[in-house]
Amino acid sequence: MEQRSEYARVAGAAGYEPGRHRLGGAGGGGGFALSKVPEVTAWFWATKVLTTGMGETTSDFLAHALGPVVAGAIGLIGLVSLLVLQLRARRYSPWTYWSAVVMVSVFGTMAADVVHVVAGVPYAVSTVVFSLVLTAVLIAWYRSEGTLSIHSIRTPRREKFYWATVLTTFALGTAAGDLTAGSLHLGYFSSGLVFAVLIAVPALGGRFLGLNPVAAFWWAYILTRPLGASFADWMGVSTQRGGLGWGTGPVSLVLTVLIVVLVGYLAAGRRDAPANTAGENEA
C-alpha cells in the first residue's frame, strides 16, 4: 500500500492518472496506450546493475575474441533487433525489455571504447561530450513532452526519447567509470566504491531532502552503469591491472545466468509489471 501511495504521488506530480492514460497534445494522437517500462522497485535496480556489469565484460570479451569491427557489428545488429522488438511490443514484457537493456549495455560500452581506443579521445573528454549529449537529449525530451518521468512513457515518441536517453547514459557511464578507474588511477574496485557512495545520494536526497523523484531516478540510473561496470571489470581483468583475474568470459557467463534467473523470476510473478497492467492477463 505504501509503495502504491508513493506511486500515486509521483504520478500526480507528473500530470497523469495510473492505469490507462489518454494520449493527446504533445504526447501523440488519440486513443490509449499501456506502459512498457517496468515499475521502479528494488528488483529493477538489481537487474539494472547486473546488466551494466554483464554489458561491460561481454563487450570486452567479444572485442578481444572477434576483433572490434566484428564485435561492433554484432552489437549493433543485436541492439537494433531488440529495440525494434521492444518498440513494436504492445505491452510490457520482462524478457523483451531487459534483453533490449542488455544490448544497450553491450553496445554502449562498445561506443565509448571505440571513441577512446580507435579515435584516441581521452576519457575525460568523452565523459564531458557524452554528458552534453545526454543533456541535449533530456532537454529535447522535456521540451517535446513536458515531462521526463518514466511513468509517462505511453506513446511511441516518448518511448524513443526514453531509449535514446538510456543508450546515452550507458555510454556516459562507461566513459566515467574508465575515467575514474584508469585516468584517475583509482583502480576498478575503488572506483566501484566511489560510485556506490554516489548512488546513495539521490536515494537519500529523495527520501529526506525532497529531491525531485524524476531527477533522483535519472541520477541513480546514470550511476548504475559505472557502478556495475567497475565491479565487473574488477572481477574480470588480470591481477596485473588490479583485478581478480577471473576473465571477462566467465564473469559475463555468470552475470548472464543471474540476469536470466532474475528476469525469469520477475516474469513468472509479474513482480515488476507496470501499475496499469499488474492486474491484467497476458495476451
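Modeller: Helix 5 takes up residues 123-145, and its 23 residues reach 32 Å from first C-alpha to last, close to the expected 33 Å. Helices here are DSSP runs of H or I, at least four residues, numbered from the N terminus, and the expected span is 1.5 Å times one less than the number of residues. Bear in mind that this is a predicted model: local features need pLDDT of at least 70, side-chain atom pairs count only at pLDDT 80 or more, and totals for chains, interfaces and linings use all residues. Residues are numbered from 1 along each chain as its sequence is written, and side-chain values use heavy atoms, without hydrogens and water.

Among the buried residues of helix 5 are Y123, F130, L134 and W141 (buried is under 20% relative accessible area, exposed over 50%, with a 1.4 Å probe and protein chains only). Its buried residues pack against helix 4, helix 6 and helix 8, with contact meaning heavy atoms within 4.5 Å. G146 follows helix 5 with a positive phi, near 80°.

Now look at helix 7, where 21 residues reach 30 Å, close to the 30 Å expected. Y188, S191, G192, F195, I199, P202 and G205 are buried there. They sit on the same side of helix 7 because they cover an arc of only 145° around the axis, taken from the directions from the axis to the C-beta atoms. Helix 6 and helix 8 are among what covers them, while V197, R207 and F208 are exposed on the face turned away. Just after helix 7, G210 has a positive phi of about 70°.

How values were computed: Helix = DSSP H or I, 4+ residues; strand = E, 2+ residues; numbered from the N terminus.
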